[in-house]
Amino acid sequence: MTPSTAVMDARPAIAVTMGDGAGVGPEVTVGALLDPAAYRDGRPVVVGDAERLRQAARALGVEADVVVVEDVTAAEFTPGRINVVDPGLLPADLPWGELSAEAGHAAHEYVRIACGLAMAGDVQAICTAPLNKAALHAAGHLYPGHTELLAHFCGVEEVSMMLTTPRIKVIHVTTHIGLLDAIARIEPGLVERTIRRGAEALRRAGNPNPRIGVCAINPHAGENGLFGYGEEAEKITPGVEAARAAGVDAVGPLPADTAFFLGGRGDYDLIVAMYHDQGHGPVKVLGIEAGVNITVGLPVIRTSVDHGTAFDIAGTGRVEVGSMVEALRQATELAGAPAPTGA
């Protein structure tokens, strides 16, 4: 395929960031790009390190034609080939499974480059392999996580993390902060904006009227003041009412233990969790292998695996690549076609 025909291709272009090179990111990236579905509906291009991807392919025991390209238009999408935009940031002898500031900085730069491609309209979505927050901080990049890093580079002040599995979808009001800080941060406006962002994401995915269940903070939703200090009435109920007034079919606050059961049963299309572990725990029990992390509120679609860098098995070829395959599939599905040339 020549550069000129690539511009006319109706399949969306996806920037796939390799994540932390010391973790399992290179292996899941190679696994996803060699999947038979990788180029069927999309045009994924990796932002990462070509030599690390070759090492990952050897660890997995697979053959991959890893080719460095200058930009998306120079990529060719044939089975077995992996196109890489490589800024040359990793040493060839980087150890697997060890915390590395070099790897943390490289992961930061891969996200920066991918966001630049997205903001320029060169890709229609971003799919990310896992980075390591401690490595990111060791390199001097003090972001709580991937989501906040993407928001910074896209110039967005507030986004939401949504996790999806085949059985349940969960969006979070707060994510990577301590529990006491999370409780302090929750307020009606944030609850309302999170509900509305989740509703809009599901509408874009083809559900015109999603049903949304909103979790409480305290056990039994406070049980009429028996537990907690009135957080449900003060922080959550006004946000739910405001979202309903805006036309969203939202219900809550619901006892969290029951809300996830009802969501898994199909009573709700989306569950709104108040803090990180309240939402992540049920999702990982119900399907970490197929779990996908979607950032809602960015100018472009962003999906990610729902697991970390797994330093304990990095470089061994024992990683499960199913979550990255699913993340790439959902990025392609949600991205839409690129704008016509000259539009």
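Modeller: Happy to! The protein has 343 residues and a radius of gyration of 20 Å, which agrees with the value near 20 Å that a compact globule would have (taken over C-alpha atoms; the rule is 2.2 Å times the number of residues to the power 0.38). Bear in mind that this is a predicted model: local features need pLDDT of at least 70, side-chain atom pairs count only at pLDDT 80 or more, and totals for chains, interfaces and linings use all residues. Residues are numbered from 1 along each chain as its sequence is written, and side-chain values use heavy atoms, with hydrogens and water left out.

There are 12 helices and 12 strands (DSSP runs numbered from the N terminus: H or I of at least four residues for helices, E of at least two for strands). Of the 343 residues, 53% are buried, meaning under 20% relative accessible area with a 1.4 Å probe, protein chains only.

Now to the core itself. A nonpolar core is a set of buried Ala, Val, Leu, Ile, Met, Phe, Trp, Tyr and Cys residues joined through side-chain atoms within 4.5 Å. The largest one here has 92 residues, and I195, I212, V214 and M274 have the most contacts inside it. Helix α4 (residues 101-119) gives the largest share of this core, 10 residues.

Let us zoom in on I195. Leaving aside residues up to four places away in sequence, I195 touches I212, V214, G239, V240, A243, V248, A250 and V272; contact means heavy atoms within 4.5 Å. Apart from this core lies another, of 14 residues, including M161, I168, L254 and V283.

Methods. Buried means under 20% relative accessible area, exposed over 50%, partly exposed in between (1.4 Å probe, protein chains only).
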